[in-house]
Amino acid sequence: MADEMILHNIGKLITFPGEGPVPGGSMNEPLIIEDAAVTIGEGKITGVGPGKDIWDQADLSKDAECIDCNGKCVVPGFVDPHTHLVFGGSREFELGMKLGGASYLDILNAGGGILRTMKDTRALTVEQLVEQMDRRMNKMMIYGTTTVEIKSGYGLDVDTELRLLEAIGASNHPMDRVATFLGPHAIPPEYRYDPDGFLDLMISMLPQISRSGLAEYADIFCERNVFDLEQSRRFLTAAKEAGLKLKIHSDEIANLGGTSMGAELGAVSADHLLVSNDKDLEAMRKNGTIPVLLPGTLMTIFEDRIPRAIEMMEMGLPVALATDLNPNCMVESLQLIQALACYRLRMTPNQVLAATTANSAAAIGMGDRKGRIKEGYDADILILKEGSFDHVVYNFGVNHVDTVIKGGNVINRDIGW
Ligand code: NIG
Ligand code: FE
């Protein structure tokens, strides 16, 4: 593999100016360079600009790899900032229950949902978990995802939660990963009558998880019949004291005040946000908490309402989007989420691109090195089969990624032009 590379004959390169999260009001204003080229060295982007200038300036060695982009569109590798992709089993049988009228919480309260996946996950070794995880990450990467956040949360006991975090770190997959400890994802049957005892157990794991670097973030499912506001506050406060960064699952079904509380504690992101109110949005704005919206989940819980993406962007919030990949929302493709965000949340293709690159990178603390095609950033780049990103959003359900470049290496090349 050559250390140096040039991508040339790019019809349209689309990225976002600046660094870090793109504020809502600027998400419709990408930086577009026509007839562009990009140079890469040692896994980083070394030059971006009009092809003529880049060829003039580039001081490439003779064995540099030259990739002709055939006049197509080039965008940053997608960043998926909210997944639960390490688990055992699958739950297609719940589809019939949901179609028959059972709600997400009905199924969970009856011992299904997360608790069913817990049983299937506890049975697996680290090696088996890695194998399943890698297969899912292969699919994600072919569809353009180059960095992913992965939560634990299907062990719900000390050993399995640690095994899940270990698996996230142990994989040799080229996908960049950020691990989140979501021990308090549901209350396991052993603690059915002692949820605070379970929370104490999860809290007792935090110092070790932080010290060992097994996870960078902590997260909790703040929801009716799962963890209430005070339990969520207790867990996140302890996680912060242990040195972990914070995320929260909040306002998915009921508004318990988790979004405002998480934002006040300095959470990097608050995720779901279907039933967030004005106060929650303002708390996110004030504290720099990034809203992560999950339109695939709305579909799989048969929810007709939508989160307030447009209002969030109007008030300047840097909206991000994610798959939420989990056994209840079995989707690897961020391209499908991009289409849902447009057709259901009414986000424009440019806003959708910001939400799955610069803003989703910021939602996992990587806004200074991922999610943009910019000098000094990691060389995670997609060559599309089309001349525009609008086409990707418009023509949903198929893969529009031709070539995935990950850390300066060509991972997948389709040549389907
Ligand atoms: O973000 N809502 C909580 N957790 C996941 C679902 C997990 C599951 O149902 O297995 C989510 O949607
Ligand atoms: Fe989730």
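Let's start at Phe-302, which sits in the loop between helix 11 (295-300) and helix 12 (309-314). Helices here are DSSP runs of H or I with at least four residues, strands are E runs with at least two, and both are numbered from the N terminus.

Before I go on, a word on the source: this is a predicted model, where local features need pLDDT of at least 70, side-chain atom pairs count only at pLDDT 80 or more, and totals for chains, interfaces and linings use all residues. Residues are numbered from 1 along each chain as its sequence is written, chains are lettered from A and ligands numbered from 1 in the order in which they are written, and side-chain values use heavy atoms, with hydrogens and water left out.

Back to Phe-302. Its relative accessible area is 46%, so Phe-302 is partly exposed. On that scale, buried means under 20% relative accessible area, exposed means over 50%, and partly exposed is in between, with a 1.4 Å probe and protein chains only. Together with Leu-95 and Leu-99, Phe-302 makes a nonpolar surface patch of about 330 Å². A patch takes residues with over 30% relative accessible area and no salt bridge, joining like charges within 9 Å and nonpolar side chains (Val, Leu, Ile, Met, Phe, Trp, Tyr) within 5 Å. The areas come from the Shrake-Rupley method with a 1.4 Å probe, and for residues only the protein chains shown count as cover.

Helix 11 also holds Met-299, which is partly exposed at 44% relative accessibility.

An open sheet of 8 strands runs in the order 6-7-8-9-10-11-12-13, with parallel pairing. Its edges are strand 6 (78-80) and strand 13, each of which pairs on one side only. Two strands count as paired if DSSP finds at least two bridges between them. Within this sheet, strand 8 and strand 9 (residues 217-218) run parallel, joined by 2 bridges, and Thr-180 has Tyr-217 in strand 9 as its bridge partner.

The start of the chain pairs in the other sense. Strand 1 (residues 4-15) and strand 2 (residues 31-41) are antiparallel, with 9 bridges; Lys-12, for example, partners Glu-34 in strand 2. Strand 2 then pairs with strand 3 (residues 44-50), again antiparallel, over 6 bridges, and Ile-40 stands opposite Ile-45. Strands 2 and 3 form a hairpin with 2 residues between them, where Glu-42 in the turn has a positive phi of about 50°.

On to charges. How many salt bridges are there? The count is 23, taking a side-chain nitrogen of Lys or Arg within 4 Å of a carboxyl oxygen of Asp or Glu. Arg-122 pairs with Glu-190, their closest N and O atoms being 3.0 Å apart. That pair links distant parts of the chain, with Arg-122 in helix 4 (residues 114-122) and Glu-190 in the loop between strand 8 (176-181) and helix 7 (195-212), 68 residues apart. Arg-122 is partly exposed at 24%, and Glu-190 is partly exposed at 47%.

Arg-91 and Glu-94 also form a salt bridge, at 3.0 Å between the closest N and O atoms, and both residues are buried. Lys-370 meets Asp-378 with the closest N and O atoms 2.7 Å apart. Lys-370 counts as buried at 4% relative accessibility, and so does Asp-378 at 13%. Those two belong to a salt-bridge network that links Lys-44, Asp-176, Lys-370, Asp-378, Asp-380 and Lys-406.

Last, the cysteines. How many disulfides are there? The count is 0, where a disulfide is a pair of cysteine sulfur atoms within 2.5 Å. For Cys-66, the closest cysteine sulfur is in Cys-69, 11 Å away, which is too far for a bond. Cys-222 is buried, with a relative accessible area of 1%.
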